[in-house]
Amino acid sequence: MLRVFDPKGREVVFQGALDPHTPIGQGWLRASNRKLDKRLSLQYRPYHTHDRKQPLKPGQAYELDVEIWPTCIVVPKGYRIALTLRGKDYEYEGEAATLSNMKNPMRGCGPFVHDDETDRPPAVFGGKVTLHMGPKRQSHVLLPVIPAKK
């Protein structure tokens with residue numbers, strides 16, 4: 001998730017398509033679907049083929065290219081932009097929103113959560129996730145910055 005915090009450290013959320021508590025940007029990638037189509041991928045937008053599962057092996061590090069969906073916002077001076085990586089959906093800390101025709105309460109991802117035990121069996125997806133970073137494993141986030149006109 002790409003998130004915005006005010007000068008006092010409080011998260012600023014936005015009205016999404018359905019959810020009123022949406023972070024500035026989100027991206028999802030199941031690591032076993034990490035295969036890229038080099039022809040269709042762009043510098044700022046990875047394109048995953050989703051044509052073959054590539055299961056992970058415990059103890060082995062993998063490079064993942066995760067697209068954060070495009071967004072547009074002016075972040076005021078003094079506010080901070082943060083990148084949050086997690087192995088589960090974003091959850092807004094305040095009260096969840098609801099819609100009468102949606103089964104799940106909305107906590108920042110709308111009604112679309114990734115917790116179905118048929119699709120994400122705990123035996124496969126309930127383990128520990130380790131992020132590898134440092135001098136030998138450089139990570140990056142590509143953020144276009146457009147300076148304000150004076």
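Visitor: Does Asn101 count as buried or exposed?
Guide: In this predicted model, Asn101 lies in the loop between E3 and helix H1 (122–125). The relative accessibility of Asn101 is 62%. The cut-off for that class is over 50%, so Asn101 counts as exposed.

Visitor: What distance separates the C-alpha atoms of Asn101 and Ala31?
Guide: Along the chain, Asn101 and Ala31 are 70 residues apart.

Visitor: What pattern does the protein follow when read along the sequence?
Guide: The protein has one helix and three strands. Its C-alpha atoms fill a box of roughly 45 × 45 × 30 Å along the principal axes, and 21% of its 150 residues are buried. Read along the sequence, the pattern is β-β-β-α.

Visitor: Which strands stand at the edges of the sheet?
Guide: The three strands make an open sheet with antiparallel pairing, in the order E2-E1-E3. A strand at the edge has a single partner, so one of its sides is left without a neighbour in the sheet. The strands placed this way are E2 and E3.

Visitor: How many bridges join strand E1 to E3?
Guide: Strand E1 covers residues 2–5 and runs antiparallel to E3. Leu2 stands opposite Leu83, and Val4 stands opposite Ile81. The number of bridges joining E1 to E3 is four.

Visitor: In E2, which residue is the bridge partner of Phe5?
Guide: E1 and E2 run antiparallel and are joined by two bridges. Their hairpin has five residues between the strands, and Gly9 there takes a positive phi near 90 degrees. The partner of Phe5 in E2 is Glu11.

Visitor: Which residues of E1 point the other way from Leu2 and Val4?
Guide: In a regular strand the side chains alternate between the two faces of the sheet. In E1, Leu2 and Val4 point one way, and the residues on both sides are buried. Those pointing the other way are Arg3 and Phe5.

Visitor: With which residue does Arg3 form a salt bridge?
Guide: Arg3 counts as buried, at 14% relative accessibility. The closest N and O atoms of its salt bridge are 2.9 Å apart. The partner counts as partly exposed at 23% relative accessibility, and that partner is Glu11.

Visitor: The side chains of Arg10 and which residue meet in a salt bridge?
Guide: A search of the whole structure finds five salt bridges. In the one with Arg10, the N to O distance is 2.9 Å. The partner counts as buried at 11% relative accessibility, and the residue is Asp6.

Visitor: How far apart are the closest N and O atoms of Glu67 and Arg45?
Guide: Glu67 and Arg45 form a salt bridge. The pair links distant parts of the chain, 22 residues apart, with both residues in the loop between E2 and E3. Arg45 counts as partly exposed at 35% relative accessibility. The closest N and O atoms of Glu67 and Arg45 are apart by 2.7 Å.

Visitor: What kind of aromatic pair do Trp28 and Trp69 form?
Guide: The structure holds one aromatic pair. Trp28 and Trp69 lie 5.2 Å centre to centre, with 65 degrees between the planes. Both lie in the loop between E2 (11–12) and E3, so the pair ties together parts that are 41 residues apart in sequence. Planes over 60 degrees apart fall in one class, and the Trp28 and Trp69 pair is edge-to-face.

Visitor: Arg120 lies over the face of which residue?
Guide: The contact is between Arg120 and a ring, at 4.6 Å from the ring centre. The ring belongs to Phe125.

Visitor: Near what value is phi of His50?
Guide: His50 lies in the loop between E2 and E3 and counts as exposed at 51% relative accessibility. Its phi is positive, in a residue other than glycine. The value is near 50 degrees.

Visitor: About how much accessible area does the nonpolar surface patch with Ile81 have together?
Guide: Ile81 is found in strand E3 (residues 80–83) and is partly exposed, with a relative accessible area of 48%. Other members of the patch include Leu83, Leu85, Val129 and Met133. Together the patch residues have an accessible area of about 900 Å².

Key: Residues numbered from 1 in each chain as written. Predicted model: local features only at pLDDT ≥ 70, side-chain atom pairs only at ≥ 80, totals over all residues. Heavy atoms only, no water. Patch = residues over 30% accessible without salt bridge, like charges linked within 9 Å, V, L, I, M, F, W, Y side chains within 5 Å. Areas by Shrake-Rupley, 256 points an atom, 1.4 Å probe, with all protein chains shown as cover. Salt bridge = Lys/Arg side-chain N within 4 Å of Asp/Glu carboxyl O. Buried < 20%, exposed > 50% of the residue type's maximum accessible area, 1.4 Å probe, protein only. Phe/Tyr/Trp six-rings, centres within 6.5 Å; stacked < 30°, edge-to-face > 60°. Lys NZ or Arg CZ within 6 Å of the ring centre and 35° of its normal. Pairing = 2+ DSSP bridges.
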